[in-house]
Amino acid sequence: MSRYQIEDLMREYGNDVLRTAYSYVHDLQIAEDLFQEVFVKVHNHLSGFSEGSSIRTWIIRITINTCKDYLKSSYHRKVTPMEEIFNKNLEGEVEYERIENKDRDQMVKEAVFELPLKYREPILCVYYHEMKVEEAAKVLNIPQGTLKSRLARARNRLKVILERRALD
Amino acid sequence: MNREENLKEHLDKAFQLEEITVHEELIAKTMQKIQQADQETAEKSSFRVLLKWGGLVAACIVVVVTLVIRQMYSREDQVDMGKIPSQEEEILAGGAAENAACPAEEESKEQSDQGEVWKNESYGLTEDGMQKEEKDRALLIEWSYNIVEEKQKIEIFKEELYAKAWVPYAKEEIVWDYQIAIEEENGFITYYKISQDSYLEIQKQDREKQKVQISTYQVENIDLLIDVIHNLYTEG
């Protein structure tokens, strides 16, 4: 794998990786660290990648696994991202003003991020990464039936959250 | 949800707005990290190679040392079992009667002669096309067999020596304590006279009781003396 090939992959799928990582950790700095980790793994294991499957799906799968490993790690449990503290401080007195200033895209993103991880993952895979149900189930390592039911529940929850936010 | 189809668009815009986008600096940092990882992998790989070869060399040394030790113990065992001669036995076996006074020299010569034979046959195939190793083994078996046979003769002879009465005998210069007479196939009789201070005199006589040969030796101990007699006896 040459330097240029891995760089091309970073340019082509980098945003997907970075945003997926961000959707897990909610911290840009950590998401960037995970981005680096993901592409080191991609570089090291690219020779074992089978040409038959989609390289994008493969990279997203590595990203999701890396993020899950990070969330499970003791480092994450000890370190609380600064953004999280910042957001918590914002809640309450300035909450109304902040929501007011958000545009629709922000609102949708926050609504998605408000979902529990098990509902957020199918939404991101299917609607954001535009994977097929079969593909997303493989990436998330869950049966297709489970994925479909989670997807349905996630849509309902998202609807409720967005309606609530719209009313606000 | 009616917005499903627009979800990607909304999220993309939201991410862009928050600048959650790959930038050149991040790519450069990642490339640097990949290079570091490559270097580490190369170092680990060379260390593994070193470890592998080191292990291989260590294993070879262990095998060689084990073989040498086994060889040594095997030789000692064979000496104990009488399959091959001990150094002491070799000295005696190699020392002809007339050279008994200086057995070491004779033993050295015989050993070197024998070594020559083995050396000459230690390369490649023999004329018969037989592997050198097989030939060596065959020779060794034959040699061992002879040694065993010789050893048995010694044992029998020792028994005879002790079983037959040791006749006290006296002479002017040396006080002979024991005498034994052995009749040989050619009709000669050999007298072995042994003193307690390890002197040995051998007399060979014909039927008419005429002495044809007298030799006197001094040996280190009585067991050696018996073995010397044995050698003379078997050569006789």
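The model is predicted, so local features need pLDDT of at least 70, side-chain atom pairs count only at pLDDT 80 or more, and totals for chains, interfaces and linings use all residues. Residues are numbered from 1 along each chain as its sequence is written, chains are lettered from A and ligands numbered from 1 in the order in which they are written, and side-chain values use heavy atoms, leaving out hydrogens and water.

**Exercise 1.** Find how α8(A) and α10(A) pack.

Step 1. Locate the helices. α8(A) covers residues 117–128, and α10(A) covers residues 144–167. Helices are DSSP runs (H or I, at least four residues), numbered from the N terminus.

Step 2. Read the geometry. The angle is about 100°, and the axes lie 8 Å apart. Axes are lines fitted to C-alpha atoms, for helices over the stretch in contact, with angles from 0 to 180 degrees between N-to-C directions.

Step 3. Classify. The two helices are therefore roughly perpendicular (65 to 115 degrees; under 35 is roughly parallel, over 145 roughly antiparallel, the rest oblique).

Step 4. Name the contact (heavy atoms within 4.5 Å). From α8(A) come residues including Tyr119(A), Pro122(A) and Ile123(A); from α10(A), residues including Leu147(A), Leu151(A) and Arg155(A).

Step 5. Sort by class. This contact has 9 nonpolar, no polar and 5 charged residues. Ala, Val, Leu, Ile, Met, Phe, Trp, Tyr, Cys and Pro count as nonpolar, Asp, Glu, Lys and Arg as charged, and the others, Gly among them, as polar.

**Exercise 2.** Describe how α8(A) meets α1(B).

Step 1. α1(B) covers residues 7–17. Its axis and that of α8(A) come within 9 Å and cross at roughly 105°.

Step 2. That makes α8(A) roughly perpendicular to α1(B).

Step 3. Ile123(A), Leu124(A), Tyr127(A) and Tyr128(A) meet Leu7(B), Lys8(B), Leu11(B), Asp12(B) and Phe15(B).

**Exercise 3.** Describe the interface of chain A and chain B.

Step 1. Count residues. Chain A gives 34 and chain B gives 30.

Step 2. State the area. About 3300 Å² is buried, 66% of it from carbon and sulfur atoms. Buried area is the accessible area (1.4 Å probe) that two parts lose on being put together, summed over both. Arg19(A), Gln36(A) and Asp105(A) supply 19% of what chain A buries against chain B, more than any other three residues.

Step 3. List the salt bridges (a side-chain nitrogen of Lys or Arg within 4 Å of a carboxyl oxygen of Asp or Glu). The count between the chains is 2. Asp12(B) pairs with Arg19(A), the closest N and O atoms being 2.9 Å apart. Glu24(B) pairs with Arg11(A) at 2.5 Å between the closest N and O atoms. This pair runs from α2(B) to α1(A).
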